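Subject: Structure for you to look at

Hello,

Here is the structure I said I would pass on. Please open it first and read my notes beside it.

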Amino acid sequence: MVDTTSFWASWELFRDAALAGTFAGAMLGALGVYVLIRRMVFLSAALSQAASLGVATAFWAQVQGAPPWLATPTLGALGGTLLATAIAGIPDRTGRRDGLLGAIYLVCAAGTLAIGTKIVQELQDIESLLFGSGVAVLPDDFQIIAWLALALGLVQLWLHRGLLHVSLDRDGARVQGLPVRFLDFVLVLSLAAAVSVSTRLLGALPVFAFMVLPALAALDVAQNPTQALLISAFLGALAGLGGYWLAFAASLPVGAAQTLVAALLVLTARVMHFTASRILAWQAHRHHHRLQHQAHEHGPDCGHEPVAHGDHLDYLVDGHLHHPHDGHCDDHGHQ
Amino acid sequence: MLLHIQDLWVGYQNRAILPPITLTVEPGQLWAVIGPNGAGKSTFLRTLLALQPPVAGTVTRGEGPIGYVPQRSEVDPAVPQRVIDLVRMGVERGWRVLDPLAARRNPAVQTAMRDANVTELARTQWRRLSEGQKQRALLAQALAGEPKLLVLDEPTSAMDVHAEAAIFNVLERLRTDRHLGVVVISHHLALLAKQATHFLLLDKDENLALVGDRETVLRHTAFIERYGQVLDRGGRHG
């Protein structure tokens, strides 16, 4: 049984970490909408793994005697992300961009593990940044992610129309003279910053999950892309915070718990989407039949098969029982 | 002048696929770009819109924006979008996109939706529209930018006869009432023969780029050889 009281009683202990997860979930959730619309899920996976490699490399450089102010994990994550972004951005005429992104992901994952074995004392950190098992956040790191979330929120407020336009209709944006390259640059920079800082704090697994799952759920329930951005940011924040709660309650690794909560949100959104679709289809069916029957009168020679139903007679129309009475016609459901 | 194309060679990777094309689009003209599948029509259109570089030659735009109506398949049905959202995107121009509320304030959105007859569909999701409704929504999007020149890539493919005629009626009204220039790729020769003022007949395999006004092109042997019988039947060509 989950003990909610003790979760909140211990809140002070992991408040910064939980809020950092919430901020990361919100900003990555919003950016994930662009990732999904542009069909670049592989890129987000490669970037989060490159950030991991950057962090591992920073730890290794510190062990080798590099100055700590230079070889910081956050700078390492940013460097790794930017390098991966640059490699992924090289024009590709072979049509095998997904293969290139897969290669970046694999090289970075293998590199992180390889470096991890060379710095045994930091192995715990390497595991944390791969799977998101970390539960503590330094005050400086918390400040960084809080300010970054605020900055990216303002960028979204200002540029979301342009960013969505370029993502949804690139040709149209170019014909209309939008600053496509500038908007691409802003998006890539936002992704690089959000991924590198979040990976440093949470690990590659939840970062990848936040970029895919909340957006997947939001696109199922939103009416338009702008709404999807807001919903996705909210769901990302919910997964970030809810993951901490689940990890606390069920003694799970935080990254895995956050991913599971995000996956649960996707499932919920899918059910809502499916239900709404069925309701709409049913309403359209009812409307169609109502229109048909305004000009149709059931009777012995109307062309529909009469079916006995309880104490009255219905007529079979497209598998539905229609019951005419008092000048109108009721749908008595499937036969 | 809305658009002037001078000795334009179109193609890929510095290899031209058609002979050079020179033409000028003036207000009130409807240019029909015709030719068999794979003739180079879309390549020409993309070059004209600066979506791909020319092999050689120049494209000079006149005053006023260009409205572009892509093929319907280019809109992702997996992304939730209502007609009003799609049309609002048409308002964005250049760096004005940095104003997040510009599209909401712009009265051109409502006018464009009225012109394209999609006002009733404003809150309907793109994926629930019929083929004809989708095309009208894309036309409204292009009109929201208050263009002087409309460029349409096969706007009536996969449409029934009535929806097709409705689209061409809207184009005819825009051309005659508002003096918009129109460049359209279409296979519907019967409608084009009545409404187009000029033709550009392309055939990559025959290295052909025939440019001229309607009367000239319809009488040209290259046109009659290809489409004379089709036109006599009053139908479409593939």
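This is a predicted model: local features need pLDDT of at least 70, side-chain atom pairs count only at pLDDT 80 or more; totals for chains, interfaces and linings use all residues.

Chain A

Chain A has 335 residues, and 48% of them are buried. Its secondary structure consists of 12 helices and 4 strands. If you take the contacts in chain A between residues at least 6 apart in sequence, 65% of them join residues at least 24 apart. The accessible surface of this chain is about 16700 Å², and carbon and sulfur atoms account for 66% of that area.

Where chain A meets chain B

How many residues does each chain bring to the contact? Chain A brings 27 residues and chain B brings 30. Together the two chains bury about 2600 Å², with 55% of this area on carbon and sulfur atoms.

The rule finds 3 salt bridges between chain B and chain A. A salt bridge joins A:Arg39 to B:Asp76, and the closest N and O atoms of this pair are 2.9 Å apart. The count of residue pairs in polar contact across the interface is 10. Two elements of chain B give two or more residues to the side that touches chain A, namely strand 7 (66-69) and helix 2 (83-89). Helix 2 of chain B gives the largest share of that side, with 3 residues.

A nonpolar patch on chain A

Which residues form the nonpolar patch on the surface? They are A:Leu75, A:Leu78, A:Leu82, A:Phe185 and A:Leu189, and their accessible area together is about 440 Å². Two helices of chain A, helix 4 (73-88) and helix 9 (180-202), each give two or more residues to the patch. The largest share, 3 residues, comes from helix 4.

A:Leu78 sits in helix 4 of chain A. Is A:Leu78 buried or partly exposed? A:Leu78 counts as partly exposed because its relative accessible area is 31%, and the partly exposed class lies between under 20% for buried and over 50% for exposed.

Regards

Technical notes. Residues are numbered from 1 along each chain as its sequence is written. Chains are lettered from A and ligands numbered from 1 in the order in which they are written. Side-chain values use heavy atoms; hydrogens and water are left out. Patches are made of residues with over 30% relative accessible area and no salt bridge: like charges are joined within 9 Å, nonpolar side chains (Val, Leu, Ile, Met, Phe, Trp, Tyr) within 5 Å. Accessible areas come from the Shrake-Rupley method with a 1.4 Å probe; for residues, only the protein chains shown count as cover. A salt bridge is a side-chain nitrogen of Lys or Arg within 4 Å of a carboxyl oxygen of Asp or Glu. Buried means under 20% relative accessible area, exposed over 50%, partly exposed in between (1.4 Å probe, protein chains only). Contact means heavy atoms within 4.5 Å. Buried area is the accessible area (1.4 Å probe) that two parts lose on being put together, summed over both. A polar contact is a pair of N or O atoms within 3.5 Å; within protein, one must be able to donate a hydrogen and the other to accept it, and residues adjacent in sequence count only if both atoms are side-chain atoms.
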